[in-house]
Amino acid sequence: MKQIKTNYGQYINANFFDLPIAPHSISTLITDIPYLDYTKAIRNGNGNLSEWTEFVVSMSKKFNEICNENANVLIFTGMWGESIVLKYMEPFFDLKQKLIWEITNPRPIDMLQNHRMKNMLNVIEPISWFVRGKDYYFNDAYIRKFQNGRLLNVIKCGRSSNSPYSSKPLMLIELLVQTFTDPNKVVLDPFAGVGTLGRVCDKADINWVCVEKNEKTFNEGAKNF
Ligand SMILES: C[S@@+](CC[C@H](N)C(=O)[O-])C[C@H]1O[C@@H](n2cnc3c(N)ncnc32)[C@H](O)[C@@H]1O
């Protein structure tokens, strides 16, 4: 198993489901789940909806096992994946709120992604915020700085790059990390892609763990540390 360690965290090339993570040890989990891998496979005829459902069921059970009693869990579900994620997370966590990332610099290419229908440029991505217990961490002052003192569940932010690894913008991840992670605890991204969360946490002096299964993606991400 390859891994990279920094002062604050570790980027691990492994299957998240195979990693031994202590039960109830995680207080913040922020992740962008691999729904595109499944939609593409289904469209190409070499995947099916039950594989996706099984993935979400296993993920929810594992999140339940490793998260503590006051955990925050933030999941970029994609529009397509949202309903299934809500259905299978619901027995274990409370949906606190739905957040929306409003993409202020959408790529024109988005218009082509769903070419079977006439559609509008997609400028939003949903993020489901789940909690457990009453004492979940919430640094609302951080979000207010970006919203003229208000506290809104729409976060306006631009895409950072045209990377083929669909990396999320550093600013957006920083906002989520700072708002939902107790600086004395560890934040986990189990489906980490190129490790955007780790880069943000290293700068913010927050302890982190990022897990990425795909070796090529991991090697690409490793260049960032
Ligand atoms: C939507 S991408 C995450 C992109 C990330 N937000 C970034 O900024 O780079 C989801 C990632 O999960 C990875 N993945 C899928 N199944 C996994 C598993 N069982 N364990 C670890 N990583 C997995 C995929 O290879 C993919 O890179």
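Helices (H or I, at least four residues) and strands (E, at least two) are DSSP runs, numbered from the N terminus. Residues are numbered from 1 along each chain as its sequence is written. The model is predicted: local features need pLDDT of at least 70, side-chain atom pairs count only at pLDDT 80 or more, and totals for chains, interfaces and linings use all residues.

**Stop 1: helix α3**

Colour G81, V85 and M89 within α3 (residues 78-89); these are buried. They sit on the same side of α3, because they cover an arc of only 60 degrees around the axis. The arc is that of the directions from the helix axis to the C-beta atoms. An α-helix has 3.6 residues a turn, so residues three or four places apart point the same way. Now turn to the other side of α3: M79 and S83 are exposed there. Burial here is a count: a residue is buried if 20 or more other C-beta atoms lie within 10 Å of its own, exposed if 12 or fewer, and partly exposed in between, with C-beta atoms placed from the backbone.

**Stop 2: the whole protein**

Zoom out. The protein has 8 helices and 9 strands. Its C-alpha atoms fill a box of roughly 45 × 45 × 40 Å, taken along the principal axes. The radius of gyration is 17 Å, which agrees with the value near 17 Å for a compact globule of 225 residues. That radius is taken over C-alpha atoms, and the globule rule is 2.2 Å times the number of residues to the power 0.38. Of the 225 residues, 32% count as buried.

Contacts come next. Two residues are in contact if their C-beta atoms, placed from the backbone, lie within 7 Å. Among contacts between residues at least 6 apart in sequence, 73% join residues at least 24 apart.

**Stop 3: the largest nonpolar core**

Select V73, V177 and L197. Of the 44 residues in the largest nonpolar core, these touch the most other members. Strand β4 (residues 67-76) gives the largest share of this core, 6 residues. A nonpolar core is a set of buried Ala, Val, Leu, Ile, Met, Phe, Trp, Tyr and Cys residues joined through C-beta atoms within 7 Å. In soluble globular proteins, nonpolar side chains tend to be buried together.

Stay on L197. Leaving aside neighbours within four places in sequence, L197 contacts I30, I173, V177, V187, D189, A192, W208 and C210.

**Stop 4: the ligand**

Which come nearest? D32, F191, G193, T196 and K213 do. A residue is near a molecule or strand if its C-beta atom, placed from the backbone, lies within 6 Å of it. The shell divides into 7 nonpolar, 7 polar and 4 charged residues. Ala, Val, Leu, Ile, Met, Phe, Trp, Tyr, Cys and Pro count as nonpolar, Asp, Glu, Lys and Arg as charged, and the others, Gly among them, as polar.

**Stop 5**

Go to T28 in strand β3. Is T28 buried or exposed? T28 is buried, because 26 other C-beta atoms lie within 10 Å. Leaving aside neighbours within four places in sequence, T28 contacts A71, N72, Y137, F180, T181, K185 and V187. Draw a C-alpha to C-alpha distance from T28 to Y137: they are 8.5 Å apart in space and 109 residues apart in sequence.

Move to E69 in strand β4. E69 counts as exposed, with 11 C-beta neighbours inside 10 Å. Beyond four places in sequence, E69 is in contact with R132 and G133. Y136 is 67 residues from E69 in sequence and 8.5 Å away in space, C-alpha to C-alpha.

**Stop 6: loops**

Select the loop between α5 (140-146) and β7 (154-157), where N148 lies. N148 has a positive phi of about 50 degrees although it is not a glycine. With 7 C-beta neighbours inside 10 Å, N148 is exposed.

L151 is in the loop between α5 and β7 too. L151 counts as exposed, with 11 C-beta neighbours inside 10 Å. Not counting residues up to four places away in sequence, L151 touches D140, I143 and R144.

Finish at H24, in the loop between β2 (9-13) and β3 (26-32). H24 is not a glycine, but its phi is positive, about 55 degrees. H24 counts as partly exposed, with 13 C-beta neighbours inside 10 Å.
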